[in-house]
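Please look at the sequence and the structure before reading on.

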Amino acid sequence: IPITARTLPDLAGTISVPSYRRSEISTGIVHFGVGGFHRAHQARYLDLLHEAQAAPDWGICGVGVLPADRRMRDALATQDGMYTLCVAAPDGAWTPRVVGSIVEYHWAPEDPETVIERLAAPGTRILTLTITEGGYNCTPEGEFDVDHPAIRADLAPDAMPGTVFGLVAEALARRRARGLRPFTIVSCDNIAGNGRIARASFTAFARLRDPELARWLSAEGAFPNSMVDRITPVTTEPMRAELARRFGVDDSWPVLTEPFTQWVLEDEFPLGRPDLDRVGVQLVGDVAPYELMKLRLLNGSHQALAYLGHLAGYRLVHEAAADPDFAGFLSRYMATEALPTLPPVPGIDLVAYRRELLVRFGNAAIGDTIARLGADASDRIPKWVLPVISDRLAGEGEIACAATVVAGWARYCTGVDEQGEPIEIVDPLRDRLRELAAREEWEPGAFLSERTLFGTLGEQPRFVAAYRKALQSLRTRGARATVRELAAGHP
Ligand code: NAD
């Protein structure tokens, strides 16, 4: 059965569908970057609120700005804006739900004027974004990249805007001229301080266009930070076919996700917001502790699995996580090394959070890959693992697991695994990393000498000793035995 407004009654016998009248919901939120994650996360929270009849003027208007988003426009158009969100439990059970919260969708290259007017409309009070980390258009130094060709094009006199910045600035200018306040801008991208970064980028573009507009946005606009979490892999054709096989639902672009979901949001919405707290969103004054928790426990553990897991022969995340040696290693890393570096996180039981992470990593139905976790390590290890080591060194704390993760990375960077097979290193610094890893052979500690990655950690005797011990063990006994020894006694 295809998904359309007309077929909903037929679908209702098999899967959960909206019971609310979508035609009576007006747009209050415009979202840029309707991909897998938005449809698994924010759109589902709103869908829950609509089911509770609690957000009649908070429908979502989706917007795509890239050429590739034409596909999403077509998929949603044939399905009256709806799609199936399939929650895949670790036991393999799928719980599908037709989500109805996206009440309109516009592909900006085709119709920028409609997008601008939707943004400028008084009913639009929130703009949300999942446009990826690169979408904020920052240089490596963290400045707004004014030389990007698409940005330059949008700044040309009388240009019809094509980027998210151009469209938003034009809409803000119209709001200002009409005596309306700016909408609240909420970045839901996986970046530390995402609200701060969104503020910097949108204000920077507005300044290039009109300094007065930038001053107004800076004074009147709100950019709450948010922490978002729900592992959502890319939709695959086998997954689509499986949905049809199991439930008879013919969806051109469904989404598969895990049961866990979390959204922590700073409560700064001058023009109001939906009652998100009713559906489990945590509204807080400061997102920073939640962010630290997620980066050091979830993302740090992903790093702990990536290199050591690959060396031990694993290619799928859930297979490595199901191995008792690796599960024990992760438990010990989190409990005795990462967790003690965290401030209390209000409303969160960190022990339960840590345990739940292991269950999430073990979810076979998600099919996450070790290769995905191991990409771009030079961006990730310094942000997620090394800060734990620095904190522990300052406090005399244990660092054996974290040092083993770093040693595992160095061993991985030799480019050959324990079976003698080549390792494909995906990293902007790949050549440099391979050279440093090779030098380790005759110059122990050489890997740690790269100051752009390790700062002065390579000169800290306690860390260097733990790292060298772990590397020696990896070379002589292999990843599995090394991990097993550290895991001993940890469930
Ligand atoms: P996706 O590829 O399904 O969708 C990405 C969307 O971003 C597309 O609509 C694309 O057109 C848009 N986009 C990309 N670059 C853009 C640009 N420069 N300007 C405007 N739009 C742009 O990816 P996804 O899984 O939906 O993830 C998107 C983002 O969500 C991630 O980068 C991450 O920051 C965040 N996130 C994802 C997950 C996850 O598990 N997938 C979890 C937490 C956070």
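Leaving aside residues within four places in sequence, Val168 has contacts with Leu119, Leu127 and Phe202. The model in which these contacts are found is a predicted one.

Val168 also belongs to the largest nonpolar core, a set of 136 residues. Together with Leu305, Ala402 and Val406, Val168 is among the residues with the most contacts inside this core. The element that gives the most to the core is helix 11, residues 288-311, with 10 residues. Both domain 1 (8-285) and domain 2 (289-487) contribute to this core, each with at least three residues.

The domain assignment divides the protein chain into domain 1, covering 8-285, and domain 2, covering 289-487. Between the C-alpha centres of domain 1 and domain 2 there is a distance of 33 Å.

Where the domains meet, 14 residues of domain 1 are in contact with 16 residues of domain 2. On the side of domain 1 that touches domain 2, strand 8 (226-229) and strand 11 (282-284) each supply at least two residues. Sorted by class, this side of domain 1 consists of 10 nonpolar, two polar and two charged residues.

## The surroundings of the ligand

Which residues come nearest to the ligand? They are Gly33, Gly35, Phe37, Asp189 and Asn190, out of 24 residues around the ligand.

Helix 2, residues 36-40, provides the largest share of the shell around the ligand, namely three residues. In terms of class, the shell holds 10 nonpolar, 10 polar and four charged residues.

## Glu337, a buried residue

Glu337 lies in helix 13, which spans residues 324-338. Is Glu337 buried or exposed? Glu337 counts as buried because 25 C-beta neighbours lie inside 10 Å, and the cut-off for a buried residue is 20 or more.

Some surroundings of Glu337 come from another part of the chain. Ile399 is 62 residues away from Glu337 along the chain, yet the C-alpha atoms of the two are separated by 6.3 Å. When residues up to four places away in sequence are not counted, Glu337 touches Val388, Arg392, Gly397, Glu398, Ile399, Cys401 and Ala402.

Notes
Residues are numbered from 1 along each chain as its sequence is written. This is a predicted model: local features need pLDDT of at least 70, side-chain atom pairs count only at pLDDT 80 or more; totals for chains, interfaces and linings use all residues. A nonpolar core is a set of buried Ala, Val, Leu, Ile, Met, Phe, Trp, Tyr and Cys residues joined through C-beta atoms within 7 Å. A residue is buried if 20 or more other C-beta atoms lie within 10 Å of its own, exposed if 12 or fewer, and partly exposed in between; C-beta atoms are placed from the backbone. Helices (H or I, at least four residues) and strands (E, at least two) are DSSP runs, numbered from the N terminus. Domain bounds come from an automatic or database domain assignment. Two residues are in contact if their C-beta atoms, placed from the backbone, lie within 7 Å. Ala, Val, Leu, Ile, Met, Phe, Trp, Tyr, Cys and Pro count as nonpolar, Asp, Glu, Lys and Arg as charged, and the others, Gly among them, as polar. A residue is near a molecule or strand if its C-beta atom, placed from the backbone, lies within 6 Å of it.
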